[in-house]
Amino acid sequence: AVTASWDGTARIWDVATGDCLQVLEGHESGLSSALLSGSDEWVLTASWDGTAKIWSATSGACRLTFEGHGSRLSSAVISADDRLAMTTSWDSTVRIWSVATGDCVRLLEDGSRISSAAFSLDGAWV
């Protein structure tokens with residue numbers, strides 16, 4: 001299990017014991033979301049500091065930082081195949097990122113603050 005906190009940290013938990021296994025620190029503001037990849041190998045966090053980060057679920061090391069939004073992030077999600085991450089922001093945009101390279105591969109503009117988004121199972125639709 002993973003949790004996101006307003007203190008800017010995410011925590012990975014052992015559900016069976018209730019033990020905290022990792023504390024992920026590195027954002028400059030509170031987190032709006034955190035989730036585990038489908039493979040359970042990494043964690044995606046989104047923050048009000050305007051960035052999203054990918055962390056190793058085992059070591060807790062930050063692997064990538066996604067930057068480019070002009071305002072706080074409201075959510076982040078992962079495609080079913082773990083190849084893409086998607087972030088939503090109060091800057092009225094959705095950004096789709098390559099997990100392999102950290103590059104923004106698509107920018108979607110909505111015209112209003114966006115609170116959340118989801119991928120279709122095959123990753124073809126948002």
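Glu67 sits in the loop between E7 and E8. The coordinates come from a predicted model, so please read every value here as computed from that model. Is Glu67 buried or exposed? With a relative accessible area of 59%, Glu67 is exposed, because the cut-off for that class is over 50%.

Which residues does Glu67 meet once its neighbours within four places in sequence are left aside? The contacts are Thr51 and Trp97. Leu21 makes a handy reference point as well: Glu67 and Leu21 are 46 residues apart along the chain, and their C-alpha atoms are separated by 27 Å.

## Two loop residues with positive phi

Let's move on to Asp82, in the loop between E8 and strand E9 (84-89). Its phi is near 65 degrees, a positive value in a residue other than glycine. Asp82 counts as buried, at 14% relative accessibility, because buried means under 20%.

Ser92 belongs to the loop between E9 and strand E10 (93-98). Here phi is near 75 degrees, again a positive value in a residue other than glycine. The relative accessible area of Ser92 is 17%, so this residue is buried.

Not counting residues up to four places away in sequence, Ile54 touches Trp42, Val43, Leu44, Ala61, Cys62, Arg63, Leu64, Phe66 and Val99.

Ser116 is found in the segment after strand E11 (104-109). Leaving out residues up to four places away in sequence, Ser116 touches Ser75 and Thr88. Leu64 is 52 residues from Ser116 along the chain, with 21 Å between the two C-alpha atoms.

## The fold as a whole

How many helices and strands does the protein have? There are eleven strands and zero helices, so read from the N terminus the elements run β-β-β-β-β-β-β-β-β-β-β. Among contacts between residues at least 6 apart in sequence, 34% join residues at least 24 apart.

The C-alpha atoms fill a box of roughly 45 × 30 × 25 Å along the principal axes.

## Surface and charge

Of the 126 residues, 44% count as buried. The protein exposes about 6,500 Å², and carbon and sulfur atoms supply 47% of that area.

Finally, have a look at the charged side chains. The protein carries 8 positive and 16 negative ones, and the centres of the two sets lie 6 Å apart.

Notes: Residues are numbered from 1 along each chain as its sequence is written. This is a predicted model: local features need pLDDT of at least 70, side-chain atom pairs count only at pLDDT 80 or more; totals for chains, interfaces and linings use all residues. Side-chain values use heavy atoms; hydrogens and water are left out. Contact means heavy atoms within 4.5 Å. Helices (H or I, at least four residues) and strands (E, at least two) are DSSP runs, numbered from the N terminus. Buried means under 20% relative accessible area, exposed over 50%, partly exposed in between (1.4 Å probe, protein chains only). Accessible areas come from the Shrake-Rupley method with a 1.4 Å probe; for residues, only the protein chains shown count as cover. Lys and Arg count as positive and Asp and Glu as negative; His and the chain ends are not counted. The place of a charge is taken as NZ of Lys, CZ of Arg, CG of Asp or CD of Glu.
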